[in-house]
Amino acid sequence: NADFNTSTHLFTAPVTGKYQFNAAISINNVDSSSGYGFISLVTSNRNYYNYIGVAHMSQDDRRLMPISILADLDASDTASIKILFNTGTAQADIATGGVESHFSGYLAC
């Protein structure tokens with residue numbers, strides 16, 4: 001139904017219900033001074049987090065940041081994925097080619 005807008009990177013729920021969201025974001029070039037990072041599913045009603053340890057990574061390491069959430073959304077609520085690291089230089093890249101990073105969602109009930 002074109003419920004995911006590729007320009008704003010927002011999913012908009014067409015109807016009220018429980019939505020299953022799954023994402024795995026592959027991160028390259030994480031700053032070695034970062035202690036942890038997190039991936040979050042940000043919705044209109046609530047934010048969900050998965051913390052990932054990244055301490056002692058070299059800058060060439062790749063880290064997969066997964067999250068799977070069953071979220072309650074009302075019609076017209078939005079959902080998006082965000083990534084943040086606690087410290088370090090903002091130099092990480094999201095791998096987008098092939099199957100390295102993905103986001104999916106569906107109305108479960």
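Trainee: Which residues make the nonpolar surface patch of about 350 Å²?

Mentor: This is a predicted model, in which local features need pLDDT of at least 70 and side-chain atom pairs count only at pLDDT 80 or more, while totals for chains, interfaces and linings use all residues. Residues are numbered from 1 along each chain as its sequence is written, and side-chain values use heavy atoms, with hydrogens and water left out. The patch of about 350 Å², an area from the Shrake-Rupley method with a 1.4 Å probe, is made by Tyr36, Tyr49 and Tyr51.

Trainee: Is Tyr49 buried, partly exposed or exposed?

Mentor: Tyr49 lies in strand S5 (residues 47–53), a strand being a DSSP run of E with at least two residues. Buried means under 20% relative accessible area and exposed over 50%, with partly exposed in between (1.4 Å probe, protein chains only). Because its relative accessible area is 44%, Tyr49 is partly exposed.

Trainee: How many residues does the largest nonpolar core have?

Mentor: Such a core is a set of buried Ala, Val, Leu, Ile, Met, Phe, Trp, Tyr and Cys residues joined through side-chain atoms within 4.5 Å. Those with the most contacts inside the largest one are Phe11, Phe21, Leu41 and Ile67, and the core has 17 residues.

Trainee: What percentage of the chain's residues is buried?

Mentor: The chain has 109 residues, and its secondary structure comes to zero helices and nine strands. Buried residues make up 32%.

Note on methods: Patch = residues over 30% accessible without salt bridge, like charges linked within 9 Å, V, L, I, M, F, W, Y side chains within 5 Å. Salt bridge = Lys/Arg side-chain N within 4 Å of Asp/Glu carboxyl O. Helix = DSSP H or I, 4+ residues; strand = E, 2+ residues; numbered from the N terminus.
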